[in-house]
Amino acid sequence: MVVLAASIVTKSGKVLVSRQFVDMSRIRIEGLLAAFPKLIGTGKQHTYFETENVRYVYQPIEALYLLLVTNKQSNILEDLETLRLLSKLVPEYSMSLDEEGVCRTAFELIFAFDEVISLGHKENVTVAQVKQYCEMESHEEKLHKLVMQSKINETKDVMKRKASEIDKSKIEKNRGDKGGFMSMGSGRIESSFSEMSISNTGSGFGSGSGFGLNTEIDPFSIKSKGSGRQPSAANAPPKGLGMQLGKSQRTNQFLESLKAEGEVILEDVQPKAGQSRSSAPPLTDPVTLTVEEKLNVTLKRDGGVSNFDVQGTLSLQILNAEDGQIQVQIETGGNPGILFKTHPNMNKELFASENILGLKDPNRPFPAGTGDAAGVGLLKWRMQSTDESMVPLTINCWPSVSGNETYVSIEYEASSMFDLRNVVISVPLPALREAPNVRQVDGEWRFDPRNSVLEWSILLIDNSNRSGSMEFVVPPTDSSVFFPISVNFSATNTFSDLKVVNVLPQKGGAPPKFGQRTQLVTENYQVV
C-alpha cells in the first residue's frame, strides 16, 4: 500500500519532475510514465485507471498532469487525499504552471514532495507545515557562510594593510624630500627604508629625521594622502633604480587574484615624470575642515519617495599643535529643514549667536597631529523629507516581455541642484551565462558575472546630460528580478551649503591658513 512515484508530466507525455519513493530502476519508471498518455481516456468522470501491476491517479493542472503511480493494493481514498495536497503545493513553489516554471523550481518541488510522502506513505502534514519545513535554516549552512564571510573579511583586511603600508612609505618619502638634518648619513636612511620593505640605491635624499628619530606616522598625513609636497625628483630622470617596493611582485599577484574574483581595487595613479609641478596636488594646509554629507534614499519603482535622509558632519584636522587654539566661523545656506547639533565640548551659545564654533574652555586647544585621522567632529546635522523634488537622481525601469526576450529600458533624470560625479547604476539580472545585449546606452556599461549585475556608469552628469537612458535585452524573466537598483555617486556641493568663512586665532596674531573640502556621497541609495 505505497506510492511508487509522484510526477508532473505534460499532456504530450514529457516528464518534467518525477520523484520515486521505492527502489525501482530508471527504465521501469520511464516506461510507466511513457505509457500514461496512451492509457488516459477522454470524457471520463474519474481521474484514475489501473493496469496489470500499477494504478495511475492523476489530476489536470492547466496544461500539465500531476500524477501518482501506486500499486494496486494502495488505498485509493488515501491516494486521492495525497494528490489533493500535492496539487495545493505545486502552485506555492512554481510561479507559472507551465513547462518552464516547473523546470525552474524542480528541486523545490521535489523537496516538498519528500515532506508529504515518506517511503511511499503519506505524512500527516498541511501545506503550511510543508513550507515551514522546507524553509528551515541549516546550522551547518549558517556556519559555513560565517566561515566564508570571515575569510573574505580577512582578505580585505590584508588588502587594506598592504595599501596602508604603501601609503606610509610614500608619506615618509615625501618627508625625506622636504629637507632636515643634513648630518644624518645615508646609511641610517637606508636602514630605515629597509625596515619598511623599501630599497633605495641612491643617496640623494639628504634628510631622514622622520626615519631615524621617530618611526610613528602622522595620521593626518595619511588621511590627506596626495596633498603633500611631491618630490623634486619628479621632474628629473630617475637615478639608478629609484624607489622600488620590495614586495611589489607579491602585492601585485595578491591584487590581481582579488580582481579575478570580482573585487574592485582602487589603484593610485602616479604622476608622470613629464608632468609639470602645477598639475601636482596642492600642499597640505595647516588647518583643514571637511564638510561631508551622506545620503540615504529609497525610491519606489512606481514613483514616490519611501525614505530620504541626509546626515552631515563638519570635521577639523590640525597638523601643528601651535595652531590648536582657534575658533571656526561658518555660514549655512539657511535651509529650514536642516537641524544642526554641535559637539558637547562646543560653546553652544557662541554658535547660536554668531555661527562660531569654539571650545567651551578657551584655554584648551583642539587635538593636533596624533589624533584621529578622520579629524575632530565639530558639528553634525540631519535632514529628512518626502518631497521627491529634493532627490538628486531618479531612476525609472521598464521591463517588458516580448516572445522569448525581455526588453528593459532604464532612464535617469538628475536635478539641476547638483553636478553628479562617478555615477554608477547597478541593475541586478537573472543568472546569465553571457553578458546581456545592450542596444543603447548613454555612458558606459559593464557586466559583473560573479554577482550577475549590470553596471551603468556616467562619469559626470551636468547641464549637458540631465537625463539619459539605457536599453538591453535578456532572456524572459520576472520583472521583480531587476530590483532593487543601487545607485552610487558623489558631488562637490551639499544640501546644507555650509561654508567655512574664517579661522580665528584665540591668542591673537595672523590666522593660520586653512582649506575646506566639501563632498556629498551616497551611503544607501536604492530603487525598490
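Tutor: Let's begin with handedness: a crossing is left-handed if the near helix is turned anticlockwise from the far one by less than a right angle, and right-handed if clockwise. Keep in mind that this is a predicted model, where local features need pLDDT of at least 70, side-chain atom pairs count only at pLDDT 80 or more, and totals for chains, interfaces and linings use all residues. Residues are numbered from 1 along each chain as its sequence is written, and side-chain values use heavy atoms, with hydrogens and water left out.

Student: What is the handedness of the crossing of H4 and H5?

Tutor: The crossing of H4 and H5 is right-handed, so by the rule just given the near helix is turned clockwise from the far one.

Student: How many helices and strands does the protein chain have?

Tutor: There are 11 helices and 25 strands in the protein chain. Helices (H or I, at least four residues) and strands (E, at least two) are DSSP runs, numbered from the N terminus.

Student: Why are H4 and H5 called oblique to each other?

Tutor: The axes of helix H4 (residues 106-116) and H5 come within 10 Å and cross at roughly 120°. Axes are lines fitted to C-alpha atoms, for helices over the stretch in contact, and angles run from 0 to 180 degrees between N-to-C directions. Angles under 35 degrees count as roughly parallel, over 145 as roughly antiparallel, 65 to 115 as roughly perpendicular and the rest as oblique. The angle falls among the rest, so H4 and H5 are oblique.

Student: What makes the contact between H4 and H5?

Tutor: Phe111, Ala112, Glu115 and Val116 of H4 meet Val130, Tyr133 and Cys134 of H5, where contact means heavy atoms within 4.5 Å. By class that gives six nonpolar, no polar and one charged residues. (Ala, Val, Leu, Ile, Met, Phe, Trp, Tyr, Cys and Pro count as nonpolar, Asp, Glu, Lys and Arg as charged, and the others, Gly among them, as polar.)

Student: And why is H2 described as roughly antiparallel to H4?

Tutor: H2 and H4 pack at an angle of about 150°, with axes 10 Å apart. That angle is over 145, so H2 is roughly antiparallel to H4. H2 passes H4 in a right-handed crossing. Among the residues making this contact are Leu85, Leu89 and Tyr93 of H2 and Ala112 and Val116 of H4. The classes here are nine nonpolar, one polar and one charged.

Student: What about H2 and H5, at what angle do they pack?

Tutor: Helix H2 (residues 76-93) and helix H5 (residues 127-134) pack at about 50°, with their axes 10 Å apart. The contact includes Leu85, Leu89 and Tyr93 of H2 and Val130 and Cys134 of H5. It divides into six nonpolar, no polar and three charged residues.

Student: How do you know whether Leu314 is buried or exposed?

Tutor: Buried means under 20% relative accessible area, exposed over 50%, partly exposed in between (1.4 Å probe, protein chains only). Leu314 has 0%, so Leu314 is buried. Leu314 lies in strand E11 (residues 305-318), and contacts beyond its neighbours within four places in sequence include Val291, Ile330, Trp381 and Leu498. The C-alpha atoms of Leu314 and Lys380, 66 residues apart along the chain, are separated by 6.3 Å.

Student: What about Gly324, buried or exposed?

Tutor: Gly324 is at 0%, under the cut-off, so Gly324 counts as buried. Gly324 sits in the loop between E11 and strand E12 (326-331). Not counting residues up to four places away in sequence, Gly324 touches Ile318, Pro365 and Phe366.

Student: Which residues does a cis peptide bond join?

Tutor: Phe483 and Pro484, with omega about 0°. Pro484 is found in the loop between strand E22 (467-474) and strand E23 (485-491).
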